Each structure stands twice: as structure tokens, then as C-alpha cells.
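Colleague: I have some questions about how the terms are used here. Can we go through them with the structure in view?

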Amino acid sequence: MTPPETIAIETRELTRTFRRFIAVDSVSLQVRKGEIFGLLGANGAGKTTTIRMLTGLLKPSRGEAWVAGIPVHSSPEKVKHRLGYMSQRFSLYEDLTVAENLTFFGGVYGLRRPDLRRRKEALLDLFDLKDMADRITSSLPTGHRQRLALASALVHEPPLLFLDEPTGGIDPVARRTFWRVISDLASAGVTVMVTTHYMDEAEYCHRLGIMRDGRIVAVGSPDELRNTHQVATMEEVFLNVAGTGEDAS
Amino acid sequence: MLKSLRIIGHLIRKEFIQAFRDHQMLGMMFIMPVIQVLLLGYAITVDVRDLSLGVMDYDRSPESRQLVEDFRHNETFDLDRVMSGPDEIRDALDRGEVAAVLVIPRGFARRLGRNESVDVQLLLDGVDSNASLIAFNHARGIVESYSLDVLRKTLVGTPLPDLRPRIHVLYNPELISRFYMIPGVVVVLLTMLTTLMTGLGLVRERETGTLEQLSVTPIRTVELLLGKILPFVLIAFFVLAIALTVCLVWFGVPMRGSWTLLVLFSLLFLLNTLGMGLLVSTVAHTQQQAVFMVWFLLIFGILMSGFFFPIENMPLLMQRLTYLNPLRYFMAVVRELFLKGSGMMSFRVETMGLMILGPVAMALAALRFRKRAR
């Protein structure tokens, strides 16, 4: 059954196994339109696998996943023009310039020339990359690369954005700028699902799902989570529900 | 449809930007074929000539000198050394200083004069079996015609039956093996370049993660594969043009067939090598693995194409296996087009082979690729 229109992402008993290993175990959750939903968890908790299933990169072993009203578990291709995806690797063509990367990804999404030009201008502006437009990507500092990767994921103006550990390796100032952009996008109605293991970043999310061993062990806004566990910080919430939390910083 | 073309256009543009940005790679792509055809054109020849010959003449008569002269005038042999005894013969052969030694016994002239039979000995270094076989045949010819002359002189006045072969060599009358080998070098070059480049293409994108990034876009498998292949078709034709220019202008290899046919068959052949390259890139996880796999395939492909060794000389099982080798067909087509100028009708088997193998490789690659994306 198709979820109501206010729900951008819904999963029902979503499960993925690799041989004997259960990477994601019966995950059911709902993300509302325009919400920033964070998946929190230690390395190997199943965050990335969940995102890969929602973006149609990986077939679920069991369960359903609805993204923008499209059943991703049965027709993963249909959802692709509606979502943007950025992985922790900032996958860009290193030997192309900043502008060429944007042109290419826009082109691959089927944008026509006038739209392409308009989006390129807008994104170079938004991410403050104008002066770097003709720089070869491999020569950019990590922070700029990350901005370009995000810009490339947004070139087709998707209503949904999936970010898999988007702030790995970038400095705190760049991270704050990054989150400002994400908040603006969400205010404009874009639904954002993001994985992270930075506790301070959890605060930027409207709601969080904490994962452990492939399962969602707690869901709620940061405040709700702190209140139910009667602790002062997200870090404590995390340590309480996610076990060791060794990998979480 | 139009959208697909637009998307493929963007992919092609990207490949070209990447290819032309890497100056080193670009240089290799265009200079390599020239150097390879030039050098290999000279190096790869199966003609046996100027084999160094040693002579041990125990007789030292006008007759024995005549036989030595006959050897001297044959292009196969190059009289390098006059020997003085059995030890020297052995040493020279052992050290590889001579490849053949002609030994004329004492009493050669005297016994011929008395109409007795005489043996002359030819010692051959058989390490290179092919060259010694050719030397052997030439030596036998020289000695036989010498003995025929002796016979004629003895029987002056008597009418003799005369059986002489009249041999017409067609298509390559001077039997210049270069004319046969150089088109082959071009084929090998084209195969290497295209298989390797496509083989690496997708794997590189998998390594850098851009393939995953492409997988979340609505791009279709066909579009992606076409976008990966078409740039290399263009580059391949460019390289082919360079290599053929060297081949025609520098080496003067005759082109007797139709250029249209050559272009058509090249396209058909590219379908095969690019398909193979793609298939490799769907199997390999790293660029290293891809290079290894391509090399493995190429060694078989080249050695079992008839490039060096005629396919008819192989054991039957091997001969049958070569039907799975697209190089075999293209090698035959190119050589016959160049030297014989054969028409379409003589290439029915080749056309079939290439038309089956290419699409099969492509289809397998597309199938495997689809699975990987999920």
C-alpha cells in the first residue's frame, strides 16, 4: 500500500542479508516530507546498507521501501531521477574541472542546455565555488570537493537527498556551512536522510534513528531521545542504546 | 530516444575530455602505433636470409670451389668463415658463431671425375627449427642443381629428359613476408588498444566510486555502455588510420581490396574487442586484475589467430578452438584484403564468426553489468 503523501520515505520490515550476515534487520521507519532524518550508529550498524537500499543501489532481501511514493523494492529505477545521493567518498571525476563535473552530472540526469546552465550558475553560487569553476577537481581541498559532490547530487533539483557520512574528513567550519545548506534545503521542502557518527551533527537532525546490529533501536527527535533516557547529551543516549559506541566520536 | 542520445552525448564528451587531458596517455595512443608498426614491421619477418655459413673444404679443388661459390650466391646463406678442422667446426657451432657448416670431403673432385658418388655434409644448428628447415631445403636445392650440372657435363651430346617446375606465386610474387606480417601487426595493435582501454574504463570508475554515483542516476545500462564504447570506436579508427598510413606509405604494402570492406570489417571487429574489454571490466574488481585478464586473453588471441603460426598447422582440437577467437577472422580478412583484394563473398565464415562472437560478448557484458548494479 502506498504511504500517504506527507511521507517521503517509508520502510516496512526492510531487511538485507549478505550470505549469513544480516546487515539490516527488519527496519521500519517513516520520514516526513521536508524532514532531516539522521541515521546514527557505529560502523557496521547497517546505516550505509539502509541508504543503499533506499537509493536503489542494493536490492532488499525482504521487506518494502517506499521513496517519494515509489516502491523501490520492486522498481528501483523509477525513483532515481527524484533523489540525490552523495557518498562518503565524494565520488567525482577527479580529472574534470568543477564546471565539467556539474555539466556531466546534469547531463546524465537529462537536463537540457538552458536548465543545465541555470543550475550550474545557481550551484556554483550557492556553494561558493565560482572562482574554482575551472580548477581540476583533484586539486581542490577536501572541503571544496565535498561541496562539489553535494552540488553534483543536487544538480537535478531532487525532492529527496541521501547523504552517507557526508562530513568525513572536513573541518568544523566547513561542516557548519554544510549543515546550514542542508537546513535551507529542508526548509525549502527537500527531504534529507543522512548517516553520521558525529554526535554534534545529530543535533542538526529533526529526528534520529539509532541503529545497532542492523536494527533501529531508538527513534525520536534529539530532545525526545534525551528525555526518555534522562541524560544531558546525545552522546550518552548513544552509549546507552547503541552499546559500546567505540567508533562514535 | 532523443534524451538517450543527449545522455550518451554527455558520456562521450566526458570520455574525450578525460582522454585529452591526460597528455601522456594521448601521446602513447598516437605515437605508439607509429613506433610499433615501424619497428615491428622490420623486426617481425619469417624470411630466412643471410644465415652465417662456415665452409670446411678438405678438397680444395676447382670443383669444390664451384660448390662453395654456389652457396655464396644464394641469399639464404652468408659465407662467413672458412674453417680449418673438425674442432673449429664444433666450437663455432657450439658458440653459435655459424648456423650451418658445409663440409666437402677430400677426393671430392677425383671421385666425381670417376663417376663415383660423393657425400657432402651440411651441419645445421637446429635450435631454431624453422630456420634450419628452410636452410636445409635451400642447401639441398643448391647441391642438387650442382649435381645436375655435373651430370650434364658428363653426358654431353646425349639427349636428357628435362623436368622443370614452373612456379607462379600469386598475390605476393616476391614472397615478401613483411607484406603478410605488417597488416597482422596492425590488427594486433588495434586489438590491444581497444580491449585494454575498455577493459580499464569501467573498472577505473568502479575504483573511484563514480560508477556507484552513476548507478543512482536514471541512466540506463545501454546508455552507459554505449557511452563507454563509442569514444573508443572513434579513437580506434584514428589509430587505425595512422597505422595503415605507415603500413602503406613507408613499407609499400599493397592494398588491393576495398577500403569500404576494411572499414566495415573493422567496425565489426571492434564490436568484438570492445565487447571483450567490457566483459573483462565487469569481472575485474581492480585495474590490475583487468590488465592481467586482458593480457591473458590477448596472448591466446594473438598466438591462435594465425598471426605467426598458420592455423592449419595446429592440432585439430586447437584449430577448432580458434573459431572462438575473433582475431582469427579479422587477421584473415585484413591479410586477404590487402594482398588478394578478395571480395565480400570470400569472407562468409569470417563475417559469421565476427557477427556472432561480438554481440555475444556485448550481451554477456550487459547482463553481468546489470547484475552488479543491484
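Colleague: How many residues does the contact take from chain A and from chain B?

Modeller: This is a predicted model. The contact takes 23 residues from chain A and 21 residues from chain B. A residue pair counts if the C-beta atoms lie within 7 Å.

Colleague: Which elements give two or more residues to the side of chain A that touches chain B?

Modeller: Strand 6 (83–86) and helix 2 (98–108) of chain A. Helix 2 of chain A gives the most, with 4 residues. By class, that side of chain A has 9 nonpolar, 7 polar and 7 charged residues.

Colleague: What confidence does the predictor give?

Modeller: The complex has an ipTM of 0.91 and a pTM of 0.82. Chain B averages a pLDDT of 90, and 99% of its residues score at least 70.

Colleague: Why is the span of helix 2 of chain B called close to the expected one?

Modeller: Helix 2 of chain B (residues 23–43) has 21 residues.

Colleague: Where does helix 2 of chain B bend?

Modeller: At B:Ile31, by about 35°. A proline, B:Pro33, follows within four residues.

Colleague: How do helix 7 and helix 10 of chain B cross?

Modeller: Their axes come within 7 Å and cross at roughly 35°. The crossing is right-handed. Among the residues that meet are B:Gly199 and B:Gly201 in helix 7, and B:Gly277 in helix 10.

Colleague: What makes up that contact by class?

Modeller: It has 8 nonpolar, 10 polar and no charged residues. Gly counts as polar here.

Note on methods
Residues numbered from 1 in each chain as written. Chains lettered and ligands numbered in written order. Predicted model: local features only at pLDDT ≥ 70, side-chain atom pairs only at ≥ 80, totals over all residues. Expected span 1.5 Å × (residues − 1). Bend = angle between axes of the 7 residues up to and from the residue. pLDDT = per-residue confidence, 0-100. Contact = placed C-beta atoms within 7 Å. Axes fitted to C-alpha atoms, helices over the stretch in contact; angles between N-to-C directions. Left-handed = near helix turned anticlockwise from the far one by under 90°.
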